[in-house]
Amino acid sequence: VGRSGLFANPARPASFGLLGASPLYPEVVYATITGGDLANPAHPGRRALYRSDDAGRNWTPVWYHDAKSDRYDVGNASWLKGQWGWTYPPSGIAVDAANPAIVFTTTISSAFLSHDGGKIWREVHAPEGTKDRQPSGGMMVTSAWSYAIHPKDPSCRYIALTDYSGWRSTDGGATWAYRPEGNPWHNNTYAFALDPERTERVWAACSVTHDLTTWRYQADLGSSNYVGGVVSSTDGGENWTPVAKGAGLPRK
């Protein structure tokens, strides 16, 4: 098939991954592509999704998921906006057999639906929200290690997650806010300790290493890349401070 519109670069060939099409409308094709002419200012990014309406002779990019891009094409917002999840291409594609303009895609962390052939996408992996106010429910694709409810005030809650440290709720888990400020190891939280009398006082055990108890690379924990520590907060998790050096904890 042709490559018109694919930002091809012979010196940096693109790698083609998934294809999606309707058996009733085979001239409409979706393809995931990695690489290509990245120097072109109109290129949608290293990992992209393209659509062809003429059986592959000409292509148009339909995947602008960098929240900083002028062409950002996600019409609603959820917990992942602006986060690492945007850098990934679709890992799954399904096209409506009766209408090829309706396409459903998934990434390693998200799920999206378009009704106009990829011009505008809608996040469907979680309820609409932001990092400041994310409703509960939906598909947050990560690992949860612990869930802490304050004994004095059950409306105050914390959840320890892989990839996103600092999620807290002040309304009994109905909505959550992402608060990693001040935490140098905000990649992952594994455990919490709550002051039983002061709801604003909390400690968290954090690390830059993901999924310590499950991933096979834990055998390489001697690496200088795998560090962490204990952080504390005096304002209910709004801000965090590393526990002072010399407090008996090992340091890298």
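A contact here means heavy atoms within 4.5 Å. The model is predicted.

**Exercise 1. The chain as a whole**

Task: State what share of the contacts with a separation of 6 or more comes from residues 24 or more positions apart, and how many helices and strands there are in the chain.

Solution: 
- Step 1. Take the contacts in the chain with a separation of 6 or more; residues 24 or more positions apart account for 47% of them.
- Step 2. Turn to secondary structure: the chain has 17 strands and zero helices.

**Exercise 2. Surroundings of Phe104**

Task: Decide whether Phe104 is buried, partly exposed or exposed, and list which residues Phe104 is in contact with, leaving aside neighbours within four places in sequence.

Solution: 
- Step 1. Locate the residue: Phe104 belongs to strand β6, residues 103–106.
- Step 2. Buried requires under 20% relative accessible area and exposed requires over 50%. Phe104 has 34%, so Phe104 is partly exposed.
- Step 3. With neighbours within four places left aside, the contacts of Phe104 are Gly92, Ile93, Ala94, Ala111, Phe112, Leu113 and Val124.
- Step 4. For a C-alpha distance, take Gly118, which is 14 residues from Phe104 along the chain; the two C-alpha atoms are 9.3 Å apart.

**Exercise 3. Aromatic pairs**

Task: Classify the ring pair of Trp63 and Trp121, then the pair of Trp145 and Tyr190.

Solution: 
- Step 1. The whole structure holds seven aromatic pairs.
- Step 2. For Trp63 and Trp121 the ring centres are 5.3 Å apart and the planes meet at 80 degrees, so this pair is edge-to-face.
- Step 3. Trp63 sits in the loop between β4 (60–61) and β5 (92–95), and Trp121 in the loop between β7 (111–114) and β8 (122–123), so the pair ties together parts 58 residues apart in sequence. Both Trp63 and Trp121 are buried.
- Step 4. Trp145 and Tyr190 have a centre-to-centre distance of 5.6 Å and 40 degrees between the planes, and this pair is tilted.
- Step 5. Trp145 is in strand β10 (residues 144–149) and Tyr190 in strand β14 (residues 188–194), so parts 45 residues apart in sequence are tied together by the pair. Trp145 is partly exposed at 26% relative accessibility, whereas Tyr190 is buried at 16%.
- Step 6. Ring pairs also link Phe112 with Trp63 and Trp121 in a cluster.

**Exercise 4. Gln134**

Task: Find which residue has its backbone oxygen 3.0 Å from a polar side-chain atom of Gln134.

Solution: 
- Step 1. Gln134 is part of strand β9, residues 134–135.
- Step 2. Its relative accessibility is 3%, so Gln134 counts as buried.
- Step 3. The backbone oxygen in question belongs to Pro127.
- Step 4. Leaving aside neighbours within four places in sequence, Gln134 has contacts that include Ser78, Trp79, Trp167 and Trp176.

Technical notes: Residues are numbered from 1 along each chain as its sequence is written. This is a predicted model: local features need pLDDT of at least 70, side-chain atom pairs count only at pLDDT 80 or more; totals for chains, interfaces and linings use all residues. Side-chain values use heavy atoms; hydrogens and water are left out. Helices (H or I, at least four residues) and strands (E, at least two) are DSSP runs, numbered from the N terminus. Buried means under 20% relative accessible area, exposed over 50%, partly exposed in between (1.4 Å probe, protein chains only). Rings of Phe, Tyr and Trp (its six-membered ring) pair if their centres lie within 6.5 Å; planes under 30 degrees apart count as stacked, over 60 as edge-to-face and the rest as tilted. A polar contact is a pair of N or O atoms within 3.5 Å; within protein, one must be able to donate a hydrogen and the other to accept it, and residues adjacent in sequence count only if both atoms are side-chain atoms.
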